[in-house]
Amino acid sequence: MQLSMWTYPWDIQDLGLETVERDLTQRAGLNMISLATSYHAGRFLQPRSPRRKAYFPEDGTIYFQPTAARWADLAIQPKVADVIGEGGDVLGQLVRRREAGGPGVSCWTVCLHNTRLGMLHPEAVTRNAFGDANYYNLCPSHPHARAYVRALVADISHGYRPDRIELESPSFMGFAHEYHHEKDGVGLTPEDDFLLSLCFCPSCLDRAAKAGVDGEPARKLVRQWIAETCERAVPERRFPDFPASGLDTFLPWPELHAYLVWRFEPVTSLVAELREVAHPSTRIVIIDLKEGWLGGCDLAALGKVCDGAILCAYDMQAGDVAGLLEAGRAALGPEKFLGTGYRLFYPEMAGADVLAAKVKPARAPGVDGINFYNYGLVPAARLDWVGAALSA
């Protein structure tokens, strides 16, 4: 079983590779490290860093040394984070350590969630039914965005040969995504958020049309519904059973339903292309959630074109984790990698006993891996919780 922890390059730079490896392998009982190799902005409390307690990473940068020839003709270009230029190639260090008997290496790779690149390339971002740009989300239908992610995955896999690449956000993102100072005075319902997340950019409409789906009627209907939401004095559920009711919610509106079904295609085909360009020795897996369909992820279809999935059990009770993993195995089939992910944050994980109860279902046959979030963001004592949960 692959047992890993999501980790930032600056964690390793701040604490030292020997300390991190000792923490992960001896204290937490893990055998792999999932290093961020492409990431977005944020503000992070770093409880154990001897250099800083609050850190603002550069937005939309990469954390490895790219091969210039792979990017020569592309419209969207990557930027190497300053911490790599100043502090060295952490991914290269981990790969060399692996070759000397150290833990396995997985590359945690954010694909389309990139505000820096969205601001630089507004033509390549998702757009709602009103044409408004979501700058934090490059669109999986746009050819330049697809080319960027293909180069990203090819460069990492051929240049470093990690054991696997974990794809985060190769899909459409929700409207609410903790963007800087987000404001919603209306009180959006779950279906409102979903409708605002639907992309009707020219690339999506063109790609859908080529598949025989006319997205314009869907756009007009969604635009009307959003306008009605904005006119209400207080929020009102249009679809009270959403999202549990899934895409069947929209069956009474065939043109919208057809567009939503088509929406899986650009995500599935992009992931298929990423598997094709990656080195054969590197597994390509997606990071997904229980309701990944909201972002255009069809787990069964994705399982046919990549090597598996890590399904995050965030905000789930212990009794619900088994169902998540059983559904994941059924969708992926018996041969594909199935992992799960746990967030070590308080109060979601209020103690070692809570984590142990949630991890227990993932130790069952048929589950191939567990990831924990996140090495640099939690107190060292929670590493002991992980070790205890895995040895129980």
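These legends accompany close-up views of a predicted model. Local features need pLDDT of at least 70 and side-chain atom pairs count only at pLDDT 80 or more, while totals for chains, interfaces and linings use all residues. Residues are numbered from 1 along each chain as its sequence is written, and side-chain values use heavy atoms, without hydrogens and water.

**View 1. Arg219 in helix α10.** Arg219 sits in α10, residues 216-231. (Helices are DSSP runs of H or I with at least four residues, strands are runs of E with at least two, and both are numbered from the N terminus.) Arg219 is buried, at 18% relative accessible area. (Buried means under 20%, exposed over 50% and partly exposed in between, with a 1.4 Å probe and protein chains only.) Beyond its neighbours within four places in sequence, Arg219 is in contact with Ala129 and Phe200. (Contact means heavy atoms within 4.5 Å.)

**View 2. The core around Tyr342.** The largest nonpolar core has 120 residues. Tyr342, Leu355 and Phe372 have the most contacts inside it. Helix α7 (residues 143-160) supplies the largest share of this core, 8 residues. (A nonpolar core is a set of buried Ala, Val, Leu, Ile, Met, Phe, Trp, Tyr and Cys residues joined through side-chain atoms within 4.5 Å.) Leaving aside neighbours within four places in sequence, the contacts of Tyr342 include Leu355, Ile370 and Phe372.

**View 3. Packing of helix α16.** In α16 (residues 381-391), the buried residues are Arg382, Leu383, Trp385, Val386, Gly387, Ala389 and Leu390. They pack against β1 (2-7), α2 (17-27), α15 (352-359) and β13 (369-373).

**View 4. Two cis peptide bonds.** The bond from Phe242 to Pro243 is cis, with omega near 10°. Pro243 lies in the loop between α10 and α11 (254-262). The bond from Tyr346 to Pro347 is also cis, with omega near 5°. Pro347 is in the loop between β12 (337-343) and α15.

View 5. Ser169 is not a glycine, yet its phi is positive, about 55°. Ser169 belongs to the loop between β9 (164-168) and α8 (190-197). Ser169 is buried, with a relative accessible area of 11%. Asp315, also not a glycine, has a positive phi near 60°. Its loop runs between β11 (308-312) and α14 (318-332). Asp315 is exposed, at 60% relative accessible area.
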